[in-house]
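I opened this entry to look up charged side chains and their partners, and to keep the cut-offs beside each result.

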Amino acid sequence: MDIETRLRKVFTEALDLGDDVDVAALTYRGIDAWDSVGHMSLVAAIEDEFDIELETDQVIDLSSFQVAHKMVAELARA
């Protein structure tokens, strides 16, 4: 499974989203589920799924699905 597919699954499960949600268009606080608590759950789920550890600045900067995808892709190459 590629990074985007895995990341979509992480977002869907961590934020408890339905299949009808356009995950690629999600932004922090753009939906009720992605509040500060949802954000920390999402960060933990991303770290678990990809076996990475996000730096504090990255956690703060994680503001959309697109940003998350870029971060994970860069960390996967490192």
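**Salt bridges**

I looked up Arg6 and found that it forms a salt bridge with Glu49, the closest N and O atoms being 2.8 Å apart; a salt bridge here is a side-chain nitrogen of Lys or Arg within 4 Å of a carboxyl oxygen of Asp or Glu. This pair links distant parts of the chain, with Arg6 in helix α1 and Glu49 in helix α2, 43 residues apart (helices are DSSP runs of H or I of at least four residues, numbered from the N terminus).

I note that this is a predicted model, in which local features need pLDDT of at least 70 and side-chain atom pairs count only at pLDDT 80 or more, while totals for chains, interfaces and linings use all residues. Residues are numbered from 1 along each chain as its sequence is written, and side-chain values use heavy atoms, with hydrogens and water left out.

My search of the whole structure gave 3 salt bridges. Another of them joins the side chains of Glu4 and Arg8 (2.9 Å, N to O), and both residues lie in α1, 4 residues apart, about one turn of the helix. I also recorded Glu13 with Lys9, whose closest N and O atoms are 3.2 Å apart.

**Glu47**

I then turned to Glu47 in α2 (residues 36–50), which is buried yet has no salt bridge, the nearest side chain of opposite charge, Arg6, being 13 Å away; buried means under 20% relative accessible area with a 1.4 Å probe, protein chains only, and for charge Lys and Arg count as positive, Asp and Glu as negative, with His and the chain ends not counted. I found the backbone nitrogen of Leu54 2.8 Å from a polar atom of the Glu47 side chain.

Definitions and conventions
Helix = DSSP H or I, 4+ residues; strand = E, 2+ residues; numbered from the N terminus. Buried < 20%, exposed > 50% of the residue type's maximum accessible area, 1.4 Å probe, protein only. Polar contact = N/O pair within 3.5 Å; in protein donor to acceptor, adjacent residues only side chain to side chain.
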